[in-house]
Amino acid sequence: MKKWFLIVMVFFLSTKQVAAAGLESSTIRLSRMASGENPLPVLVEVSTLSNVTETGFRMVVNSAWSVNSGVTISTSQLPSGVTAWPGIGFSGVDGQQITFSSGDLTAGVTYGFYVTGGVGLNPSAGDSSIYQWQVMTLVGSTIDGQQYVGIPIAAKDTVVVTGKVSALASDFQIGLTDNSVGVLSQNQQIGYTLTYGANLHSPTYPLVLTATWGRGSVEGGGGLTVDVADYVVNSASDAYNGTHPVIDLVNRTITWTITSFPAQTTDQKVSFSLKTNSNYAGSSTVHFTVSGELNASKVVTVSSNQITESYQYASMTTPTPIATIVPTVELTGVPTATPVPVPVPVTITNVVISGLDATAATVGVEVSAVPQKLQIRYGLSPTLLSKSLIVLDIGTENKIKIEGLLPSTAYFFTVTADTTTSDVFTFITPSTPLLPSVFSQLLATVVSSDQILYDNRNTGQTKPLAQIILPVAQPYMVQFNLPPTYIIKLAQVWLRNKHVLGIVSAAGNDPNSVVADLINSGSNGYQAYLKTPPLPGVYEMYLRIYDFYGNIVEQKVGELTVILPVKVVDQNGKGIERAEVTFYYFTPARIYQLWRGTGLLTNPTYSESNGTVNTILIEGQYKMVVTAMGYKSKTMEFVVSPHNGYPQVSLERLPITIGAVVGFYATTISDSYTFVLNSAIELFHSGRFIQLLWVLMTGMLLFLGMLTWSLINHIAWWLLPLYLYRLLIRVKEVNTINGVVINDLSGYPISGAGVFLVDGNKNQVLERSYTGLLGNFSMKVPARLDQVRISVTARGYDPSPFMDFKRESLLRAALHFRLVKSDFDGSYDSGHINFGRFGAWAFLFFTILFGVMLSVVSTTIAAVPLLISFVFWYLWIRFKL
Amino acid sequence: MKNYRNYWWLFLFFVLPASTNYKLEGFSLGSAGGGQVGSSNYSINGVAGEVGGNPIVGSSYGIGPGLVFAELANVPKITVDNPGNYYNKLHFVVDTQGNPGDALYAIAISSDNFVTTQYIKSDGTIGSSLAFTDYQNYNAWGGSTGSVVSGLLGSTTYSFKAKAWQGKYSETNWGPVATGATVAPTLTFEIDVSATDTHTLPPYAISLGDLYPSNVVNSPVYVWVSLDTNAASGGGVFIYGQNGGLKSVTAGYTIATVNGDLSSGGIAEGYGVQGVGATQTAGQFLILSPYNGSGNVIGSVNTLVNQIFTATTPVTSGRAHFLVKAKSSTSTPEASDYSESMTVIASANF
């Protein structure tokens with residue numbers, strides 16, 4: 001076996017005579033044997049054989065060491081098992097020979113001492129170097145024993161052990177604060193500040209700060225998420241040492257990569273802003289979180305406190321028509337200079353990555369005004385944006401496609417609009433392109449109120465959505481057939497207001513109307529429930545897909561025309577409530593035919609309080625007949641198309657006659673009856689409602705039973721809990737007697753009556769008690785008494801005579817004392833055995849049993865123990881009395 | 001008056017010699033008072049009278065000194081070998097060459113072919129003088145088993161010769177010279193750093209990687225130590241460190257080496273080694289306390305030389321290994337340059 005090893009051979013070179021071997025063993029160790037480790041010390045260990053009286057010790061040092069007269073020795077900190085050499089002392093040096101004085105050494109004991117100086121430096125030895133020293137014990141000047149000792153000098157006997165103690169989370173500082181107050185609404189800007197630092201002993205290479213804002217979670221939306229906040233371009237400040245932020249819009253993060261962050265540096269700050277959008281126009285509250293993270297040396301990750309923001313869409317009122325302002329010209333004698341327009345710098349309001357594949361990215365850029373120059377500079381490093389694209393057809397909303405990219409590569413870019421340059425943004429191109437079949441066979445359905453507005457699933461028509469017409473604030477559902485779920489990471493429907501001649505088509509300025517995630521509804525179906533924007537206009541519907549490879553694909557799939565609903569008004573434009581509207585559609589046979597309606601949309605239908613009529617009509621020609629009490633009926637023909645919304649019908653008021661009033665209210669009563677009947681039928685179809693009835697009935701029976709019980713027992717109903725307590729709890733007391741004092745005539749309890757417990761032998765009053773509200777009393781019976789005497793007195797009643805009882809009978813029974821009014825000469829009924837305890841327990845048992853069964857089984861079966869309980873209860877009441 | 005007590009040996013003749021081959025039934029010395037009787041089957045040499053050279057005088061007779069036959073003992077031989085591969089001893093057996101059991105022998109020894117002669121003392125050591133007490137009979141020299149002379153030098157060829165002495169005036173000359181050689185004292189020492197028992201080349205380094213609070217980190221590799229020595233008292237392996245722990249220059253902090261259980265809450269941080277195993281083909285190679293713990297019990301590697309493995313007898317193919325353990329605490333300053341130079345030493349007790 002090829003093996004590196006060091007063999008130390010110790011041999012004797014001397015041919016001189018040697019004395020008898022008085023040494024059992026001897027060792028010389030250098031504390032450091034590797035070359036270059038100087039100085040020594042040398043540990044000398046010797047064990048002798050003979051029991052002569054040693055007086056000295058001599059050591060002949062190998063000539064590789066330089067011996068001088070400054071020899072020093074020490075016997076401290078010797079290894080375990082080594083005894084300090086007695087009497088050892090330096091005597092002198094003769095060449096390489098060092099002589100020491102020594103005390104007597106006991107045979108078999110290992111003695112040692114260190115030579116800490118005077119021996120010089122270690123020789124510069126290589127591997128396998130052999131050095132011999134000679135040691136000898138002396139008796140006087142005679143050598144008693146001697147040995148040669150081999151000392152290996154090895155250059156490779158050192159093992160360097162290294163370790164690293166990484167920073168802990170507690171070594172870093174990070175915190176996040178914001179300036180938002182309360183619930184946010186759309187288009188509201190929130191400022192955030194990340195405070196960071198490090199308490200390390202050494203710099204951090206690198207220290208990466210990351211701020212992340214999440215998608216909003218719709219409260220009560222069953223996991224529905226929406227993007228309600230966007231990064232405000234150029235809002236992120238630089239971090240330590242001028243480190244610029246990099247914004248990842250796809251993953252909604254801002255990253256500061258500080259290449260070297262110094263030790264013991266804290267309270268550094270960066271800031272950034274988010275702005276709420278109006279993607280979500282629903283009424284629910286949306287919560288989204290913003291958090292910060294610090295990653296040091298790619299080892300320690302520290303998260304900041306997470307801030308949860310609440311957002312709620314603020315409904316927009318229907319815009320009031322603005323009166324046309326007629327420009328006026330003021331004529332003055334002094335001509336005024338033509339004002340010079342002050343140029344307003346173009347700001348970059350929004351940047352999005354709307355498309356991304358392995359070789360290209362589409363960047364959406366929105367600017368505050370049309371700049372003269374719009375440019376994108378991009379590259380593979382945030383500090384080296386070597387390539388650029390200049391946009392030729394510039395608008396306020398631009399889509400710039402960067403092509404020729406490499407797959408699986410991180411790119412960085414900035415947008416420059418005139419003199420304004422954005423932050424550095426980043427994206428990573430995916431490695432695999434999205435399957436090309438995503439849009440090639442797109443099948444879609446649009447449904448609102450059971451009215452199918454579009455469906456190409458059966459027609460096989462591959463072209464996606466055409467024109468959809470819906471009233472404002474109308475819920476509707478879109479469904480797409482998309483590739484399998486293992487490809488689709490996220491699919492969204494975006495609804496953007498369509499610009500007509502560069503002007504938004506909506507009545508108000510609400511360009512980003514709706515965005516909603518598509519929910520996988522099984523198989524390849526993805527659907528989303530939306531609500532049309534509150535403002536009429538033409539909206540473009542886009543389908544955006546994020547796949548698991550990182551691709552982002554967006555494509556327009558249709559247009560949605562949002563119109564005002566059918567409305568019935570009077571001559572003053574005020575809405576007419578309860579107007580009956582009947583729709584007829586124009587058939588291909590060129591005749592009007594009654595429209596049958598759908599499941600949720602009836603025909604005829606009736607106007608709301610504001611006169612609007614809730615109906616949805618697909619494209620086509622219609623006729624509607626509108627009647628309302630007090631108004632003249634009206635028939636109107638109209639066309640529903642993207643260019644023609646639903647009509648507004650104005651009715652002419654008529655004089656009100658008695659017949660019309662009667663007819664109106666008869667119709668109202670009829671409608672109300674129908675509504676109540678239908679509601680009751682719906683209600684009784686509910687098993688939960690039947691169970692509720694059972695519970696109510698049971699509770700009522702219990703209440704009536706308790707009321708009856710209180711009457712029979714002459715106890716006020718509100719004292720029943722106290723009575724039950726007495727029965728169930730108090731009677732458990734040991735060594736006590738319990739009883740009740742009642743009016744002999746009426747049976748009502750007597751409160752405040754005195755009950756005296758008397759020693760039957762000594763006629764001495766031992767205990768005194770007074771009856772409570774129930775006429776009850778309780779007294780302790782001294783253990784020493786076998787026989788007691790009891791007397792009861794009450795104001796207005798004749799006192800009872802002393803009655804003797806055995807102790808055991810007292811403790812088992814409940815006593816009933818009947819007192820008579822002072823003018824009544826009656827007898828006393830005492831010692832009545834009280835069966836109430838057993839009966840109450842039994843009643844309680846059956847009640848609990850009933851309750852349990854009621855909660856776990858059907859109410860029909862639960863009625864059985866209920867009946868048993870009440871029968872038993874009745875019998876108990878009956879026979880007890 | 002003659003002292004007849006000096007002639008007690010004459011009674012030997014009254015004990016008829018016998019062996020399995022012969023038996024002397026009787027003998028007569030004749031009138032001369034002495035003579036040699038022999039036949040083809042036996043012989044007897046008897047001396048009567050003044051063997052000491054003094055006349056035998058009685059009251060009624062006197063005998064002058066007769067012929068004295070001073071027969072020398074046979075010259076003994078000696079055989080020498082080194083069956084145990086001793087570095088400081090040799091084994092020898094005296095060959096009596098037929099001398100009687102009461103013959104005494106002296107043995108001379110020299111490492112330079114008797115330019116300088118030393119003698120084997122009665123205690124088995126060597127000395128420069130030969131005393132009467134250094135003459136020992138055959139049994140005292142170990143009989144047929146022989147004996148061992150110690151205190152020799154390693155890697156040296158020694159010459160042996162013996163002489164016999166039986167009775168007065170009968171010491172023989174030195175017998176033939178026999179030689180034997182000691183071997184060299186050996187100490188073989190090697191270290192390897194590897195996850196398995198295999199040979200590795202220096203420089204040796206162990207990276208503990210990241211140390212986390214309350215988490216004992218084991219070195220991913222072992223330090224393997226080979227020790228092979230014929231030292232009579234065995235040898236040992238020692239370790240010590242330069243810093244007394246894992247020291248960081250940047251943090252100005254040292255994770256001190258400790259003795260104890262790193263898993264216990266009482267030790268917030270620490271560094272040390274733990275012996276894992278020791279094997280050998282001959283002798284006994286052992287892990288010493290406190291390095292022989294289990295679990296996360298470690299022994300310290302401070303700046304003193306601490307013995308981790310030991311052998312009290314010669315050990316052949318000793319192979320032992322240990323690992324390094326360390327733990328940091330929440331108060332341990334972060335640094336990536338925690339380091340310790342651990343030196344491994346071997347020594348033998350010759």
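# Strand pairs and salt bridges in a predicted model

Q: How many bridges join β13(A) to strand β14 of chain A, and which way do the two run?
A: There are 7 bridges between β13(A) and β14 (residues 189-198) of chain A, and the strands run antiparallel. A strand is a DSSP run (E, at least two residues), and two strands pair if DSSP finds at least two bridges between them. The model is predicted, so local features need pLDDT of at least 70, side-chain atom pairs 80 or more, while totals for chains, interfaces and linings use all residues. Residues count from 1 along each chain, chains are lettered from A and ligands numbered from 1 as written, and side-chain values use heavy atoms, without hydrogens and water.

Q: Which residue is the bridge partner of Ile174(A) in β14(A)?
A: Tyr196(A).

Q: What is the strand order in the open sheet with β13?
A: β13-β14-β21-β18 in chain A, 4 strands with antiparallel pairing. The edges are β13 (172-178) and β18 (229-231), each pairing on one side only.

Q: Which strands form the open sheet of 5?
A: In chain A the order is β34-β33-β36-β42-β41, with antiparallel pairing. At its edges are β34 (451-455) and β41 (519-520). β41(A) is joined to β42 (residues 525-531) by 2 bridges, and Ile519(A) stands opposite Gln527(A) in β42(A).

Q: New topic. How many salt bridges over all chains?
A: 13, taking a Lys or Arg side-chain nitrogen within 4 Å of an Asp or Glu carboxyl oxygen.

Q: Which side chains does Arg319(B) meet in a salt bridge?
A: Glu190(B), at 3.9 Å from N to O, and Asp192(B), at 3.0 Å. Arg319(B) lies in β26 of chain B and Asp192(B) in β14 of chain B, so that pair ties together parts 127 residues apart in sequence.

Q: Is Asp192(B) buried or exposed?
A: Asp192(B) is buried, at 0% relative accessibility; buried means under 20%, exposed over 50%, partly exposed in between (1.4 Å probe, protein chains only). Glu190(B), at 1%, is buried, and Arg319(B) counts as buried at 10%.

Q: And how do the side chains of Lys556(A) and Glu559(A) meet?
A: In a salt bridge, 2.9 Å from N to O. Lys556(A) is partly exposed at 32%, whereas Glu559(A) is buried at 10%.

Q: Last one: where is Thr332(B)?
A: In the loop between β26 (315-327) and β27 (335-348) of chain B. Thr332(B) counts as buried because its relative accessibility is 5%. Beyond its neighbours within four places in sequence, its contacts (heavy atoms within 4.5 Å) include Val165(A), Tyr253(B) and Glu269(B).
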